[in-house]
Amino acid sequence: MKDSNFLKEHNARSMWHPMAHPADSLANPPTIVTSAQGVRITDIDGHEVVDAVGGLWNVNLGFSCAPIKAAIAAQLDRLPYYSTFRGTSNDAVIELSEELRRFFAPDGLTRAFYTSGGSDSVETALRLARQYHKIRGQGQRTKFLSLKKGYHGTHFGGASVNGNANFRTAYEPLLAGCHHIPAPYTYRNPFNESDPAKLAQLCLAALEDEIAFQGANTIAAFIMEPVLGAGGVIPPHETFMPGVREICTRHGILLIADEVITAFGRTGSWSGSRHWGVQPDFMCTAKAITNGYFPFGAVMIAEEVAQVFESDRTGAAAIGHGYTYSGHPVGAAAALACLAETERLNVTENAAARGTQLYDGLRALAAKYDIIGDVRGGHGLMCALELVSDRARKTPIDKKTIGTVQEVAYRAGAMVRVSGPNIIMSPPLILTAEDVQIILSSLDAGFAAL
Ligand SMILES: Cc1ncc(COP(=O)(O)O)c(C=O)c1O
């Protein structure tokens, strides 16, 4: 490994970072993380902080999960790769599929299609949704509906159902036939409605309206995150997702739950769909499926949808989709160990308890600092602060000020993530009460410095 002077000098010189302006990365070189233990990361200068980002919503079990590391090493020794394309398989992925089938049985999901990450999982679900309708003789059902503020990765399909201009405009034109409805975002919405239950009903009415406008028989699927994540942690009212499920079922529209963040315990429930008592037709997973230690994902498929594919005798159900790394044995071994550890530690319980502690602490900060316009969370370990320069007018904060809060918080002991006007927190689910206090006191220091 090169020495730290070399690394600092060359930081961002020969690589472009995702979700960053290349010139900005050159002018403001990224923090170089060189090691991690438990829920803490250490940078190139030896500064150690609690990682309130949890890698990128994925390191649910922290950075020292020995069983996953051992499983990866053992699998690399035994069988480092073999494809699952037609005609071959591997032992690890067969075992994983049975485990996932057991784990997701309460969600009604019984088959897995493997991917290399979240965007791949979204792309897979969108494609299989269209194919499902074609198999059933309803090939005109090609459109997709989704929520504004939703995040579904960056493939063309995912970007097309994405609800944020930052991920769309530079890459337009996107996929035709993708339409968006307002998110159940109480702080800002076109209805000027701050009551979550009323807003949920208004958004559901907007969904009904859009379906009527497009024609139900032209729509393949509705895709949503059970709790919107990257869009700024927006938990809907408890009636929202069940309402979406009912509307979709009534109109023959498939429901895709994008659980790239919420599957495997983050909301305090084992899946976001289960959190709201909903069974989706497809569920996109990735991230925490391997604790972030190996790029891997799975689209889980409902039994009823699986039956349609498996009973086809016309050839229409032949799947012309897949990735070289679909069902990668090392990813499968990592996922098997990760799932066992996730269940052994019963992380939902800690996610719920620490999530409440964090949310309460953030609300206390909002009582102290006017710059905090909105505090969102209350459903496990995903929280956000939306900053404003004028609380009454809800004027979005400028980049420099929010950057200062982040920088001072980092110096004080916690890595938090900034996305637009939001400070987003998605720490590992094994966080302790003391770690939560460190995140809160670091943020307190960040706001006090303004
Ligand atoms: C809900 C959701 N879907 C899809 C993705 C895309 O996943 P990936 O970055 O692994 O492609 C993300 C990433 O954060 C996500 O949060």
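In E10, which residue is the bridge partner of Leu109?

Reply: In E10, Leu109 has Ala302 as its bridge partner. Before going further, some ground rules: this is a predicted model, where local features need pLDDT of at least 70 and side-chain atom pairs count only at pLDDT 80 or more, while totals for chains, interfaces and linings use all residues. Residues are numbered from 1 along each chain as its sequence is written, and side-chain values use heavy atoms, with hydrogens and water left out.

Back to the strand. E10 covers residues 297-302; helices (H or I, at least four residues) and strands (E, at least two) are DSSP runs, numbered from the N terminus. Leu109 belongs to strand E4 (residues 109-115), which runs antiparallel to E10 and is joined to it by six bridges. Two strands pair if DSSP finds at least two bridges between them. Strand E9 (residues 282-285) is also antiparallel to E10, with four bridges joining the two. There, Thr285 has Ala298 of E10 as its bridge partner.

How covered is E10? Six of its six residues are buried, where buried means under 20% relative accessible area, exposed over 50% and partly exposed in between (1.4 Å probe, protein chains only). In a regular strand the side chains alternate between the two faces of the sheet. Here both faces are covered: Gly297, Val299 and Ile301 are buried on one side, and Ala298, Met300 and Ala302 on the other.

For contrast, there's an open sheet of four strands with mixed pairing, in the order E1-E2-E3-E14. Its edge strands, E1 (33-37) and E14 (414-415), each pair on one side only. E14 runs parallel to strand E3 (residues 48-51), and two bridges join them. Val50 stands opposite Ala414 of E14.

Now the ligand. Its surroundings are Gly117, Gly118, Ser119, Tyr151, His152, Gly153, Glu225, Asp258, Val260, Ile261 and Lys287, counting a residue as near if one of its heavy atoms lies within 4 Å. By class, that shell has three nonpolar, five polar and three charged residues; Ala, Val, Leu, Ile, Met, Phe, Trp, Tyr, Cys and Pro count as nonpolar, Asp, Glu, Lys and Arg as charged, and the others, Gly among them, as polar. On the polar side, a backbone atom of Gly118 is 2.9 Å from a ligand oxygen, and a polar side-chain atom of Ser119 lies 2.6 Å from an oxygen atom of the ligand. A polar side-chain atom of Asp258 lies 2.7 Å from a ligand nitrogen. The protein covers 81% of the 390 Å² of accessible area that the ligand has on its own, with areas from the Shrake-Rupley method and a 1.4 Å probe (for residues, only the protein chains shown count as cover).

Polar contacts also turn up within the protein: the side chain of Gln75 makes one with the side chain of Arg78, at 3.0 Å. A polar contact is a pair of N or O atoms within 3.5 Å; within protein, one must be able to donate a hydrogen and the other to accept it, and residues adjacent in sequence count only if both atoms are side-chain atoms. Gln75 is in helix H4 (residues 66-78) and is buried, at 4% relative accessible area.

On to the rings. They pair if the centres of Phe, Tyr or Trp rings (for Trp, the six-membered one) lie within 6.5 Å; planes under 30 degrees apart count as stacked, over 60 as edge-to-face and the rest as tilted. That rule gives nine aromatic pairs. Phe103 and Phe104 make an edge-to-face pair, 4.9 Å centre to centre with 90° between the planes. Phe103 is buried at 3% relative accessible area, and Phe104 is buried at 0%. Phe103 also pairs edge-to-face with Trp270, at 5.6 Å and 75°. That pair links distant parts of the chain, 167 residues apart: Phe103 is in helix H5 (residues 91-103), and Trp270 is in the loop between strand E8 (254-258) and helix H10 (272-275). Ring pairs link Phe103, Phe104, Phe264 and Trp270 into a cluster.

Most residues other than glycine have a negative phi, and most peptide bonds are trans. The bond from Glu172 to Pro173 is cis, with omega near 5°. Val233 has a positive phi, near 50°, and is buried at 0% relative accessibility. Lys149 has a positive phi too, near 80°, but is partly exposed at 29%.
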